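Subject: Structure for your review

Dear colleague,

Please find below the structure for your review.

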Amino acid sequence: MKQAAEDFLSHKRIAVTGVSRDPKTHGANMVYQRLRERGYDVVAINPNAETVEGDPCYPDLASVPAPVEAVVIGTRPKTAEATMHECVDLGITQVWMHRGPGKGSVSEKAAAYGREHGLTVIPGGCPCMFGPTADGGHKAMRWMFGLTGNVPKKV
């Protein structure tokens, strides 16, 4: 898992799906903000918003003007499947399905599809729990959610 997280975070242009116009209501916004604060070229994806966090927002990955290198899925699990198909179609090979407490964005069907098509899929946890994006609180959550299985031990 640690190596997969490092590989994912080595990419500098990352899209985050599921960002909300109301930054206090969704975990995807926190991921988006943290990546942006840490110098990533982060792209917001939400079909119902033109801007998020003061930045342009796109309805889907195919609408982003320049390709992204990796994707954080921060939507409901049922939406993760469509996003995974889009990643395969666009040649995006790194996908992280966000998960804190609860089910998060993890879809086993989406993960299986991605893996069948050669993608590296991280099914749980949060990019903010690892490497240059981590903080003390997220490191503690990584340990706790590692015990519950919400952060996978292996990818």
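This is a predicted model: local features need pLDDT of at least 70, side-chain atom pairs count only at pLDDT 80 or more; totals for chains, interfaces and linings use all residues.

Residues are numbered from 1 along each chain as its sequence is written, and side-chain values use heavy atoms, with hydrogens and water left out.

Helices and strands are DSSP runs numbered from the N terminus (helices: H or I, at least four residues; strands: E, at least two). The axes of helix H3 (residues 77–90) and helix H4 (residues 108–116) come within 8 Å and cross at roughly 10°. Axes here are lines fitted to C-alpha atoms, for helices over the stretch in contact, with angles from 0 to 180 degrees between N-to-C directions. H3 is therefore roughly parallel to H4 (angles under 35 degrees). On the H3 side, the contact (heavy atoms within 4.5 Å) is made by Ala80, Glu81, Met84, His85 and Val88. H4 contributes Lys109, Ala110, Ala111, Tyr113 and Gly114. By class, this contact has six nonpolar, two polar and two charged residues. Ala, Val, Leu, Ile, Met, Phe, Trp, Tyr, Cys and Pro count as nonpolar, Asp, Glu, Lys and Arg as charged, and the others, Gly among them, as polar.

The largest pocket has a volume of about 190 Å³. A pocket is an open set of points on a 1 Å grid where a 1.4 Å probe fits, with protein on both sides within 12 Å along at least five of seven lines; lining residues have an atom within 4 Å of a point. The volume is the space filled by probe spheres set on the points. Of its 14 lining residues, Ile45, Pro47, Pro59, Thr79 and Thr83 are the closest to the centre. H3 gives the most to this lining, with four residues.

In helix H2 (residues 27–37), Ala28, Asn29, Val31, Tyr32, Arg34 and Leu35 are buried, whereas Glu37 counts as exposed at 58% relative accessibility. Buried means under 20% relative accessible area, exposed over 50%, and partly exposed in between (1.4 Å probe, protein chains only). H2 is followed by Gly39, whose phi is positive, near 95°.

Glu53, in the loop between strand E3 (51–52) and strand E4 (55–58), has a positive phi near 60°. Most residues other than glycine have a negative phi. Glu53 is partly exposed, at 24% relative accessible area.

Yours sincerely

Technical notes
Angles under 35 degrees count as roughly parallel, over 145 as roughly antiparallel, 65 to 115 as roughly perpendicular and the rest as oblique.
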